[in-house]
Amino acid sequence: MKEITIDGTPVAKGRPRLGRYGTYTPKKTQEYEEYVKACWVSKYGGIQPSEQPLEVSIVFYMPMGKSWTKRKTEEYKGRLHTNKPDIDNLVKAVLDGLNGVAYKDDKQIGTLSVVKRWAVVGKTEVWIKEVE
């Protein structure tokens with residue numbers, strides 16, 4: 001099993017935009033996907049991407065507001081995060097960022113487990129396990 005921690009507030013995949021020269025992915029999404037890829041490469045280097053079926057688990061830690069009181073922070077820490085961004089858009093950004101470095105293609109993922117929780121500091125934890 002391989003795992004990485006992606007520091008920073010998780011970023012949801014933005015909708016493709018239509019511009020003068022066709023569709024494009026928003027800059028914030030592109031930068032986040034490159035950051036995810038860089039996190040993987042910095043930990044695992046040039047390891048060949050997996051071609052096996054995969055089980056993937058992801059935990060998104062969404063940061064609490066800076067204006068929150070200590071009491072509210074303690075009350076919400078670890079609770080499920082049910083606000084925006086949508087969990088499916090968060091997942092898409094991470095999986096697309098790992099495409100080609102952690103695995104050949106995200107179609108290899110047969111099982112996906114995802115949780116979105118409140119935390120003091122934002123980060124994303126990803127576990128990838130090859131299965132037979």
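Two exercises with worked solutions follow. The structure is a predicted model, in which local features need pLDDT of at least 70, side-chain atom pairs count only at pLDDT 80 or more, and totals for chains, interfaces and linings use all residues. Residues are numbered from 1 along each chain as its sequence is written, and side-chain values use heavy atoms, with hydrogens and water left out.

**Exercise 1.** Determine whether H81 is buried or exposed, and find which residues H81 is in contact with, leaving aside its neighbours within four places in sequence.

*Solution.* Begin with the position: H81 lies in the loop between helix 2 (70-76) and helix 3 (87-98), where helices are DSSP runs of H or I with at least four residues, numbered from the N terminus. Next, the relative accessible area of H81 is 6%, so H81 is buried (buried is under 20%, exposed over 50%, partly exposed in between, with a 1.4 Å probe and protein chains only). Finally, apart from those sequence neighbours, H81 is in contact (heavy atoms within 4.5 Å) with M62, K116, R117 and W118.

**Exercise 2.** Describe the salt bridge that D96 forms with K92.

*Solution.* First, the closest N and O atoms of D96 and K92 are 3.3 Å apart, a salt bridge being a side-chain nitrogen of Lys or Arg within 4 Å of a carboxyl oxygen of Asp or Glu. Second, the two residues are separated by about one helical turn, because they stand four residues apart in helix 3. Third, D96 is buried at 17% relative accessible area, whereas K92, at 37%, counts as partly exposed. Lastly, a network of salt bridges links K92 and D96 with K13, E33 and D106.
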